[in-house]
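Have the structure open as you read.

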Amino acid sequence: MLYYVSCLGFFLCLSCVEGFNTTNYNYDHFIFTQQWPQSLCECIGVSRCRIPEKVKTWTIHGLWPTLGKTEDPQYCNRSWHFEESQILDIEAKMEIYWPELETSTNSRISFWEHEWEKHGTCCTDMSSLDSEHKYFALGLQLNRKYDILSMLNDAEILPSKTKTYKLDDFRDAVQKKTGHSPILHCCKTDSKQRVEEIMICLDKKFNVIDCEEADEECTNDVPVYYHPLNPFFAQ
């Protein structure tokens with residue numbers, strides 16, 4: 001009996017440790033987020049940003065299981081760590097379409113590690129996402145399917161050093177192609193507003209749905225700058 005009580009106490013203590021092998025699959029949709037590298041770099045500054053030479057389009061920020069209008073769930077299984085060996089066959093594509101743009105870390109894989117451990121572990125209840133490889137491979141597939149650069153080009157919203165656009169131009173271009181409203185994430189630096197990210201919402205069968213979440217830091221009546229990719233940031 002003493003042995004049983006000791007073991008029970010041991011496991012109870014483990015369960016009290018923050019993040020010990022927890023799982024939380026309480027989400028009702030996904031947010032698939034793509035970012036314009038130039039806008040990101042102009043927002044955070046050249047000293048903190050790089051655009052790899054092979055990057056020519058909008059890149060992936062992440063695929064996030066989401067509950068309602070919250071930012072949850074997150075970090076659902078802290079014991080399921082990122083392993084680069086699981087994605088070696090798609091790593092070359094990820095370096096182009098899902099690259100690390102910020103230079104705050106010297107680790108080439110830190111961005112992928114962060115996205116997997118914060119978001120990827122929260123949707124492994126789905127057979128289509130129950131591994132690290134499936135999670136990142138699906139992100140690449142969605143990036144091809146929902147090509148933001150092509151959507152904007154078709155609407156004659158082209159990167160320009162001088163021309164500005166309306167915020168609704170970006171929203172309407174995506175909605176015209178997907179049939180549903182996206183989320184826009186903006187930033188403002190040097191008195192200029194930029195669309196940094198465009199988010200597409202998906203149901204749990206990966207069909208596009210209207211996003212219920214509000215735009216982030218965007219102002220409707222302020223012009224939007226959409227600068228071309230600048231080799232000044234490239235490494």
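Predicted model: local features only at pLDDT ≥ 70, side-chain atom pairs only at ≥ 80, totals over all residues.

As for its geometry, α5 runs over residues 132-145, and its 14 residues reach 20 Å from first C-alpha to last, close to the 20 Å expected at 1.5 Å a residue.

Eight of its eight residues are buried, so β2 is largely enclosed by the rest of the structure. β2 pairs with β1 in the antiparallel sense, over seven bridges, and I31 has W64 of β2 as its bridge partner.

W64 turns up again in the largest pocket, where W64, E71, H119, M199 and E216 lie nearest the centre. Two or more lining residues come from each of β2, α4, β4 (183-189) and β5, with β2 giving the largest share, four residues.

For the second largest pocket, the residues nearest the centre are L40, H61, E100, E102 and F111. Here α2 (37-44), α4 and β5 are the elements that give two or more residues to the lining.

| Pocket | Volume | Lining | Classes in the lining |
|---|---|---|---|
| Largest pocket | about 430 Å³ | 21 residues | six nonpolar, seven polar, eight charged residues |
| Second largest pocket | about 220 Å³ | 15 residues | five nonpolar, five polar, five charged residues |

Methods:
Residues numbered from 1 in each chain as written. Heavy atoms only, no water. Expected span 1.5 Å × (residues − 1). Buried < 20%, exposed > 50% of the residue type's maximum accessible area, 1.4 Å probe, protein only. Pairing = 2+ DSSP bridges. 1 Å grid on protein atoms, 1.4 Å probe; cavity = no way out; pocket = protein on both sides within 12 Å on 5 of 7 lines; lining within 4 Å. Points joined across faces, edges and corners; volume = space filled by probe spheres on them. Nonpolar A, V, L, I, M, F, W, Y, C, P; charged D, E, K, R; others polar.
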